[in-house]
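Good morning, and thank you for the time.

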Amino acid sequence: MAKVEFRELYKVFGKDPRAGLDFIKNGGSREALLTEKQMTLSIDNLCLSVHENEFFVIMGLSGSGKSTLIRHINGLIKATDGQVLVNGKDVTQLREKELQQFRRYTVSMVFQKFGLLPHKTVLENIAFGLKIRGESVEEQRQKAKKWVERVGLAGYEDAYPRVLSGGMQQRVGLARALCVETEILLMDEPFSALDPLIRAEMQDVLLNLRKDMNKTILFVTHDLDEAVKLADRMAILKDGVVHQVGKPDDILQNPETEYVKSFVSKLHT
């Protein structure tokens, strides 16, 4: 059984998504949906499986649907149609309280813009998910201190985000997501705002941490070199459609569509 599975997933953005979906299923094009109905087809009948403990990278240019896709997993975006299965359970059918529990214990997320709370210290930011779960103050501090050290921020426990560099802030964001020890980690272009050297450093931090974790990671990026460095497998999206899935070397050496061939040749330079 797959850890995460998308089955015939559609996402239409606009004033009447169901009508937009009917338009598409009755033969309307993505372009006509936009020009005639003023709605956007972001995910188009997408099917994809991610294995347990796999580092899976989702690639694509801006507007490809990659960030929209992973936000279906934790319910930040609601599917227009289709299923999103986690451990075999369709998360699109979770009620509000079930979804809250799911977010607290099963899946965590690292955002591109760090998302730190400016009025809380490094330690408080890292422990925030544990506080939401209702763990004791002592448990919060013990677990957060462990992750402060593991991401290389020892000595900064009482510092506030404003005094940290971008790379240090992203270490805090990563530690916060890992501190809650969920099964699945979603990472939405987490390193794209960083300078190249800091970005490479954070990639190494993540790879080193992963050696000791039993965790399924879905990582979104538009950077091919980053994907090749991190991925067990990767998928390339365009207009909400998966064009190819496979190991990085297989995709680089054997692109299956003209788009993938063009994508690889233009970015891998």
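Is the crossing of α7 and α8 left-handed or right-handed? In this model, which is predicted, the crossing of α7 and α8 is right-handed.

Let me stay with that helix pair. Helix α7 covers residues 137–150 and helix α8 covers residues 166–179; their axes come within 9 Å and cross at roughly 135°. That angle makes α7 oblique to α8. On the α7 side, the residues in the contact are Lys-143, Ala-144 and Trp-147, and they meet Ala-175, Leu-178 and Cys-179 of α8. Sorted by class, this contact has five nonpolar residues, no polar residues and one charged residue.

Two further residues belong to this part of the discussion. Gln-170 is placed in helix α8. With a relative accessibility of 0%, Gln-170 counts as buried. Its C-alpha atom is separated by 8.8 Å from that of Phe-111, although Gln-170 and Phe-111 are 59 residues apart along the chain. Glu-181, in turn, lies in the loop between α8 and β7. Glu-181 is not a glycine, yet it has a positive phi of about 55°. At 46% relative accessibility, Glu-181 counts as partly exposed.

Helix α1 is formed by residues 17–25 and helix α2 by residues 30–37; the two pack at an angle of about 135°, and their axes are 10 Å apart. The two helices are therefore oblique to each other. What is the handedness of the crossing of α1 and α2? This crossing, too, is right-handed. Gly-20, Phe-23 and Ile-24 are the α1 residues of the contact, while α2 contributes Arg-30, Ala-32, Leu-33, Glu-36 and Lys-37. By class, the contact of α1 with α2 has four nonpolar residues, one polar residue and three charged residues.

The next topic is the aromatic residues. How many aromatic pairs does the count come to? It comes to three, with ring centres required to lie within 6.5 Å. One of them is formed by Phe-191 and Phe-219, with 5.8 Å from centre to centre and 55° between the planes, and this pair is tilted. Phe-191 lies in the loop between β7 (184–188) and α9 (196–210), whereas Phe-219 lies in strand β8 (residues 216–221), so the pair ties together parts that are 28 residues apart in sequence. Both Phe-191 and Phe-219 are buried. Together with Phe-55, Phe-191 and Phe-219 form one aromatic cluster.

Tyr-259 and Phe-263 make another pair. Their ring centres are 5.8 Å apart and their planes are at 45°, so this pair is tilted. Where do Tyr-259 and Phe-263 lie? Both are in helix α12 (residues 258–267), four residues apart, which is about one turn of the helix. Tyr-259 and Phe-263 are both buried.

Asn-53 is placed in the loop between β2 (40–50) and β3 (55–59). Asn-53 has a positive phi of about 65° although it is not a glycine. With a relative accessible area of 33%, Asn-53 is partly exposed.

Thr-121 lies in the loop between β6 (107–110) and α5 (122–126). Is Thr-121 buried or exposed? Its relative accessible area is 9%, and since buried means under 20%, Thr-121 is buried. Which residues are in contact with Thr-121, leaving aside its neighbours within four places in sequence? They are Glu-157, Asp-158, Ala-159 and Tyr-160.

Finally, Gln-101 is found in helix α4 (residues 96–105). Gln-101 is partly exposed, with a relative accessible area of 40%. Between Gln-101 and Glu-5 there are 96 residues in sequence and 20 Å in space, taken from C-alpha to C-alpha.

Technical notes. Residues numbered from 1 in each chain as written. Predicted model: local features only at pLDDT ≥ 70, side-chain atom pairs only at ≥ 80, totals over all residues. Heavy atoms only, no water. Axes fitted to C-alpha atoms, helices over the stretch in contact; angles between N-to-C directions. Parallel < 35°, antiparallel > 145°, perpendicular 65-115°, else oblique. Left-handed = near helix turned anticlockwise from the far one by under 90°. Contact = heavy atoms within 4.5 Å. Nonpolar A, V, L, I, M, F, W, Y, C, P; charged D, E, K, R; others polar. Phe/Tyr/Trp six-rings, centres within 6.5 Å; stacked < 30°, edge-to-face > 60°. Buried < 20%, exposed > 50% of the residue type's maximum accessible area, 1.4 Å probe, protein only.
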